[in-house]
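This report describes packing, chain contacts and charged pairs in the structure shown below.

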Amino acid sequence: MAVCVAVIAKENYPLYIRSAPTENELKFHYMVHTSLDVVDEKISAMGKALVDQRELYLGLLYPTEDYKMFRKLHNSYTDVMCNPFYNPGDRIQSRAFDSMVTSMMIQVC
Amino acid sequence: MDAPEAPLPPVIYTMENKPIVTCAGDQNLFTSIYPTLSQQLPREPMEWRRSYGRAPKMIHLESNFVQFKEELLPKDGNKALLTFPFLHIYWTECCDTEVYKATVKDDLTKWQNVLKAHSSVDWLIVVVENDAKKKNKTNILPRTSIVDKIRNDFCNKQSDRCVVLSDPLKDSSRTQESWNAFLTKLRTSLLMSFTKNLGKFEDDMRTLREKRTEPGWSFCDYFMVQEELAFVFEMLQQFEDALVQYDELDALFSQYVVNFGAGDGANWLTFFCQPVKSWNGLILRKPIDMEKRELIQRQEATLLDLRSYLFSRQCTLLLFLQRPWEVAQRALELLHGCVQELKLLEVSVPPGALDCWVFLSCLEVLQRIEGCCDRAQIDSNIAHTVGLWSYATEKLKSLGYLCGLVSEKGPDSEDLNRTVDLLAGLGAERPETANTAQSPYKKLKEALSSVEAFEKHYLDLSHAAIEMHTSIGRLRSAKFVGKDLAEFYMRKKSPQKAEVYLQGALKNYLAEGWALPITHTRKQLAECQKHLGQTENYLQTSSLLASDHHLTEDERKHFCREILSFASRQTDSPGQKIVLPLHCFAQLRDLHFTPSNAVVHVGGVLSVEITLCSQMPMPVQVEQVTINVHFSIDKNNYRKTAEWLTKHKTSNGTINFPTETSPLPAPQNNLPALELYEMFERSPSDNSLNTTGIICKNVHMLLRRQESSTSLETSSGVALEDGAHVLKCSGVTLEPGANRITFRTQAREPGTYTLRQLCASVGPVRFVLPHLYPPVQYDVYSQEPQLRVEPLADSLLAGIPQKVKFTVTTGHYTVKNGDSLQLSNAEAMLILCHAENRAVIYSNTREKASDALLRVQSSDKVTSIGLPAAPAYHMIEFELEVLSLPSAPVTGGESSVLGMTESHRKHKDTQKAGQCMATTDHKVSIDCPWSIYSTVIALTFSVPFRTTHSLLSAGTRKYIQVCVQNLSELDFELSDGHLVDPDSNADLRLVPLNAKSPQHIRSKQSVFFVWELKWTREPPPSLRCRFSVGSSPASGGRLSIPLKPYTYEFQVENFFTLYNVRAEILPPSGTEHCRTGSLCSLEVSITRLSDLLEVDKDEALTESDEYFSTKLMYEVVDNSSNWAVCGKSSGVISMPVAARATHRVHMEVMPLFAGYLPLPDVRLFKYLPHHSAHSSQLDADSWIESDGLSVDKHVDEQPDGGGGRCRGSAHLASGGEHRGLPMPRLQALPPGQVFNASVGTQVLVIPSKDDHVLEVSVT
């Protein structure tokens, strides 16, 4: 079950962030933001060791007793990027992407 | 379950466990060998090949040798592995057959039977041979040794089950060999036994596991079985395999919990759902927590007990495996997992109990790891432990909040009760840590004991966590912990300590553009700043929050009111200004100038309209909105002159400002691109290069400090400019959303005004936009009055009325009633006054303001144009008609040759050769009311006609033809063409042969007039003529004034015919026609038509005895190459000067082509002797050809050349003065004097009959 899906720009600002229980939105924002520490670490480690670069899953990013987060929506993200009207760096407002995220959240709930 | 046999001593589960090997037979013998055996056995590793495809392992074997007892053998179904004897050895030293038969054999048989009864097949018989003993017993036959007997008796086809150990206690090579063979055998047997027994055990275990869906299945039972296996692996020091057993148990259990959550509950799980009563944390200091193990064994363990025990075992094994960091990582997962599982299983947990458990566990894990690692290792692996640290911090925090330790007042009684309950759940401290000062248990107890102790522990932990996060670069996590700390400080009413953490976190969120955390942190910061009394910062944060769309409307209004109430409160203490950045209060969207080009003259009114988007949630009354303007004078710049500004600055007047994207961070790479320009500085005197370089035009954008743009929270850094030039607008109410505000200003001083700052004042609060970007300017100019006169059409035509436009740009001058332009009249140009001349007054922006009647008064010298009154910076436009009179001398004698006024021909027109019009300039001097100086204006008029004349002859009759060519674009009507002789020579008559007038002459066309010249007496050598014709525009309607006729004067000379030249070609005698290729005769006869005349008097004339003759040269030339002249083609003849004197010349010519061929030309020249007395005079105006006797061909190519060669100037073909040699000269006869009677005659030539040659030319 996904409770929060976030796509983060390489400058670390959120391109897209959505969480299922909206009342906890702030908490998720904090959580996703903090997890960027680990993302940073893992990505910089990727450069050093010859980790398989095609492995896009970064694993557990943030220790939480409440939820387990994961990140798997790369394909849909690629679609968004392929949209010629999308300006890389803008916030994602694609409806297709949104519904994909919704389906991800509902999937296991 | 199967309980082990009652009297068995409890197995001590430690590292000391070794596989059990029983020893039977001669105990004394074994005792003597045991030291060597136990020492030698583990010395060499043995490869353990494993079932199920598991990788083989090298293993060092050790054994626990115990005396054989039947009880040791497991009964059927006993699953205990640790107490399982893997190998049974029978030791004997017997070397005597007798003894063997008597005792040993029986003993062996008994032993074997016992083993067989327990179906144990792992046995070995060791026969120790002793040389010393053998020597004593001499009757021993080597052939039938005891070994053979034993093999024979017991080792049925398994002779290797009996091993000989020779002289084990001696130190000889034989002994060594024997030992090696024995040890190998022993190890192999042991491993075989392991493989077999463990394999069997695993199979049983799997079978048991497969039954887990059956109702009576118990996880705890299964746990014990698989743990047995783990123990054995641990015993064999196969920790990896041991860990796998626990991991499998872990995964199995987790899966059950998850399935339970999904509604698929197993009965046995309900055991684990008992309410949590004890939360004393993990215990990792003992290899095996027997207490917990027994609980599991008794199926009384709670979930936490099971998890604790499982983890402690995993921890132990991981530490054996030197993987302490995995312990930390797994610990965090375990703690999170347990919290989740308890939630999932809906286990009732007293509030705070889990926090205690997690806190204790975290610290326990950390201390355990610290216990087995040195400082350096720990420091370099913070990344693994920091999670536990911050988890512990977090849990302690929530415990503190729960127990009322985070407040000013301290805990109340309810809090205290809760604390007591929590502490009760911890139980007593365990003996292992009782003596440790910093044990987790003691820490927690102390932390919960008092507010101060809690603060100390919490701060210690927080700081440690922040420090660790920071040290490994996890700044966001550090900030997050810091935010918790800030919250704590706020609760403790120490906002000054909280501020730095909030600022730090906020800066981080701003830099990375996280809107919700920004809003939340800002809200906290606002509270903090309010407590700290940082008015300016608080107001700024408030304004940011009031404009924050992530807050609710009410919250935003609250912060907006905070600002407004401050603003209204502070009015009594004047002078104090709070300067805040504008962008959070309102945003400048666009700016519009009226007039739209943002150029205004001195005294003009400029309005600036701005759109300000208020970010506030409610209407805000702003006392004053001001724009600070910077004034600069740039007088020397052409771009700042009135002409340039009014013409070139044409924008639509609207400037859009980029909307500030507040939540998005300004990424580091978003800097504007460098705008670089080359720069050359030249010396003013000689324009040589002084310096060159590159200028960056947007330095101010690039070299801005990066920090200040993001940390607007701390200090606004906005300086309020005080300038003399300010645009103001008072009493504005800014509604939420777009507001339009208009500023008006009257331009005073000319120059450039740059809008700098925008400032909105609310009480003492100033919201300031420090820089307007893109830069906005308006220009104020002052202009001198100007008069411009220009023709309405492309060019003005002379002779007919033409319109000229007058434009008066008033500039700063105000035209009053009575002001007039005084035009001094040019002689040949009239200004035509009409009754209804109107002047139109335009405003500066070309809008028509009014029109007025123009008063034009003309006197002889001056025309006065009364200007209508017009304000400054307006334009007066009117048109006047002017007429350029064809002035008398223009077509005078000297310019009559081609009818062109050469002197006035404009240079640029010369390229068009004869097709352009002659021009005349008229200069008009105008006195303007605003200046003491006269303005001189030159008007250029073009003469629309070009007139040429020519003299035509027919024998002795003469005609004068005048051609009038219309060069203009207009059509004209010509009337009353006259040709008169101004000298009114009575002997001459000019008879017109013209069509009736008027004649239409279209643009670019010509009209010819012809007169016959008749005379009664001998005509004069030259004749002056004046041609005049009236002209008027063909479509002009009636003209107000009569136009003067167009005149053209010219002179004809030598028009009287002196010689008649006649040429004739005769076919050869006897033939009718000329033939190609055959010679024909050319007869030329030159006849003098008159007696001696004035014109003959030149040096060619020779006189002798009243008899005059002149020398002529003839030349036959065929330019079209139709004829080949055979023999001499030219010759000099002496011609008597008398009427009818004739000279005949005969020549032979040959036609080259067939057909009607024109005759060759016959030319006549005067032949002047070289000893001419006039030669020097002639030199002056004749050109000398360098080739001796060549003739100027020009003369002949001008068939209709007029008789009037002006002053006889040009064509003297002469070789006279060539290099000083006396040469005769030729002078062409004026065409009027020679009449070629045979011009145009043709002769028929027929092709010759023998002409077979066909010429084909291929190109």
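## Packing, interface and salt bridges

With a relative accessibility of 13%, B:V1117 counts as buried, because buried means under 20% relative accessible area. The model discussed here is predicted. B:V1117 belongs to strand β45 (residues 1107-1117) of chain B. Its contacts beyond four places in sequence are B:P1160, B:D1161 and B:R1163. The C-alpha atoms of B:V1117 and B:D1161 are separated by 5.2 Å, although the two residues are 44 residues apart along the chain.

The largest nonpolar core has 148 residues, and within it B:L37, B:W91, B:F182 and B:F219 touch the most other members. Leaving aside residues up to four places away in sequence, B:L37 touches B:F30, B:F65, B:W91, B:W179, B:F182, B:L183 and B:L186. A second, separate core comprises 53 residues, including B:L545, B:I627, B:F657 and B:V776.

B:L674 is located in the loop between β13 (654-656) and β14 (676-682) of chain B, and its relative accessibility of 56% makes it count as exposed.

Between the two chains, 26 residues of chain A are in contact with 29 residues of chain B. About 2400 Å² is buried between chain A and chain B, with carbon and sulfur atoms giving 56% of that area. The count of salt bridges between these chains is 2; a salt bridge joins the side chains of B:R476 and A:D37.

Over all chains, the structure holds 44 salt bridges.

| Pair | Distance |
|---|---|
| B:R476 and A:D37 | 3.1 Å |
| B:R206 and B:D203 | 3.5 Å |
| B:D250 and B:R307 | 2.5 Å |
| B:K397 and B:D484 | 3.2 Å |

B:D250 is buried at a relative accessible area of 18%, and B:R307 is buried at 4%.

B:K397 and B:D484 are both buried as well. B:K397 is in helix α13 (residues 382-402) and B:D484 in helix α17 (residues 475-491) of chain B, so this pair ties together parts that are 87 residues apart in sequence.

B:R206 and B:D203 are 3 residues apart in helix α5 (residues 173-210) of chain B, and are therefore separated by about one helical turn. B:R206 is partly exposed at 27% relative accessibility, and B:D203 is partly exposed at 34%.

Finally, a network of salt bridges links B:E240, B:D247, B:R323, B:E326 and B:R330.

Technical notes: Residues numbered from 1 in each chain as written. Chains lettered and ligands numbered in written order. Predicted model: local features only at pLDDT ≥ 70, side-chain atom pairs only at ≥ 80, totals over all residues. Heavy atoms only, no water. Core = buried A, V, L, I, M, F, W, Y, C linked by side-chain atoms within 4.5 Å. Buried < 20%, exposed > 50% of the residue type's maximum accessible area, 1.4 Å probe, protein only. Contact = heavy atoms within 4.5 Å. Helix = DSSP H or I, 4+ residues; strand = E, 2+ residues; numbered from the N terminus. Buried area = accessible area lost by both parts, 1.4 Å probe. Salt bridge = Lys/Arg side-chain N within 4 Å of Asp/Glu carboxyl O.
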